[in-house]
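Please look through the model shown below from one end of the chain to the other, and keep it in view while you read.

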Amino acid sequence: MMFYFFKGLRLLGQKGLKRFVLIPLLINLVLFFMAFYWMWQLLQSFIVHIQQWLPQWLHWLEYLLIPLGVMSLLLSFAYSFTMVANFIAAPFNGLLSEKTAALLSGKAIPEVSMRQFLHDAPRLLAREWQKLCYLLPRATILFILCLLIPVAGPFLWFFISAWFFSLQYLDYPFDNNKVSFSELRGQLRQAPALSLSFGSAVALFSMVPLLNLLVMPAAVCGATVLWCERFAEHYDPALQAPGARSYQKLNKYC
């Protein structure tokens with residue numbers, strides 16, 4: 001559901017999580033200003049191209065095609081920016097998800113040594129590379145389709161991006177619990193409304209300048225809440241035992 005993203009936003013200010021949010025936020029900040037400058041140049045070229053391409057008698061279509069084109073570029077920008085930012089920040093996002101799950105379970109958030117962080121980083125980056133190999137070819141094909149069908153393209157891009165965002169962020173808690181990427185895809189296919197609604201919230205906020213700086217850490221936290229409430233019991237038999245302290249009961253944080 002969309003409200004899982006908003007739960008993630010509220011968790012960003014929780015004591016014990018702020019320090020794990022800071023580094024992904026700084027990475028987002030640097031990449032955002034670099035990507036925004038590039039997109040602004042691309043957007044100006046796009047508008048000029050549309051104006052030159054349309055014959056005189058079809059200039060009225062500018063009022064339809066330019067807004068749709070801008071929407072496509074915004075969605076493309078949001079997703080490509082997010083892919084790059086997540087790849088760089090993958091070790092920190094995995095750590096943020098782990099600490100969020102600890103907070104939700106009522107456990108003390110343990111300190112992480114540099115040695116432990118460096119030990120986990122290659123595994124997290126390899127998992128991120130696995131996601132890129134899955135998502136990038138599909139995103140490229142989708143982008144070409146959007147160019148061929150300019151009216152329906154942006155809506156198709158948004159729908160598929162929502163699925164991509166769900167995979168991207170839910171992968172952190174799934175990976176922390178040693179669940180494979182193929183198993184993650186299978187679980188999300190069984191709950192399409194749940195995954196697409198969460199991904200839609202991420203996609204919408206990714207298109208809002210400045211606010212999208214908070215999207216990555218908020219989505220990581222929100223995806224972890226979603227894992228704890230909807231998927232954890234399936235993979236952790238201890239949570240199914242009578243009297244077990246279920247994640248669903250720990251709503252005071254979000």
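Helices (H or I, at least four residues) and strands (E, at least two) are DSSP runs, numbered from the N terminus. This is a predicted model, in which local features need pLDDT of at least 70 and side-chain atom pairs count only at pLDDT 80 or more, while totals for chains, interfaces and linings use all residues. Residues are numbered from 1 along each chain as its sequence is written, and side-chain values use heavy atoms, with hydrogens and water left out.

Leu118 belongs to helix α4, which covers residues 114-148. Because its relative accessibility is 53%, Leu118 counts as exposed, where buried means under 20% relative accessible area, exposed over 50% and partly exposed in between (1.4 Å probe, protein chains only). Between Leu118 and Pro91 there are 8.7 Å in space, C-alpha to C-alpha, although the two are 27 residues apart in sequence.

The chain as a whole has eight helices and zero strands, so that the order of elements from the N terminus reads α-α-α-α-α-α-α-α. Of the 254 residues in the chain, 52% are buried. Among the contacts (heavy atoms within 4.5 Å) with a separation of 6 or more, 79% are between residues 24 or more positions apart.

Two loop residues can be looked at next. Gly16 sits in the loop between α1 (3-11) and α2 (18-53), and, because its relative accessibility is 23%, Gly16 counts as partly exposed. Gly16 and Thr100 are 84 residues apart in sequence, yet 8.9 Å apart in space, C-alpha to C-alpha. Lys178 is found in the loop between α5 (153-176) and α6, and it counts as exposed because its relative accessibility is 66%. The phi angle of Lys178 is near 60 degrees, a positive value in a residue other than glycine.

Now turn to the helix pairs. Two packed helices are described by the angle between their axes and the distance between the axes. Axes are lines fitted to C-alpha atoms, for helices over the stretch in contact, and angles run from 0 to 180 degrees between N-to-C directions.

Helix α7 (residues 192-206) and α8 have axes that come within 11 Å and cross at roughly 170 degrees. The two helices are therefore roughly antiparallel to each other, since angles under 35 degrees count as roughly parallel, over 145 as roughly antiparallel, 65 to 115 as roughly perpendicular and the rest as oblique. In this pair, residues of α7 including Leu194, Phe198 and Val202 meet residues of α8 including Val215, Ala219 and Gly222. By class, their contact has nine nonpolar, two polar and one charged residues, where Ala, Val, Leu, Ile, Met, Phe, Trp, Tyr, Cys and Pro count as nonpolar, Asp, Glu, Lys and Arg as charged, and the others, Gly among them, as polar.

How do the axes of helix α6 (residues 181-190) and helix α8 (residues 215-235) cross, and at what angle? They come within 13 Å and cross at roughly 125 degrees, which makes α6 oblique to α8. In this contact, Glu183, Gln187 and Leu188 of α6 meet Phe231, His234 and Tyr235 of α8, and these residues divide into three nonpolar, two polar and one charged.

Finally, the axes of α1 and α8 come within 7 Å and cross at roughly 115 degrees. Tyr4, Phe5 and Lys7 are among the α1 residues in this contact, and Val215, Ala218 and Ala219 are among those of α8. By class, the contact of α1 with α8 has ten nonpolar, two polar and three charged residues.
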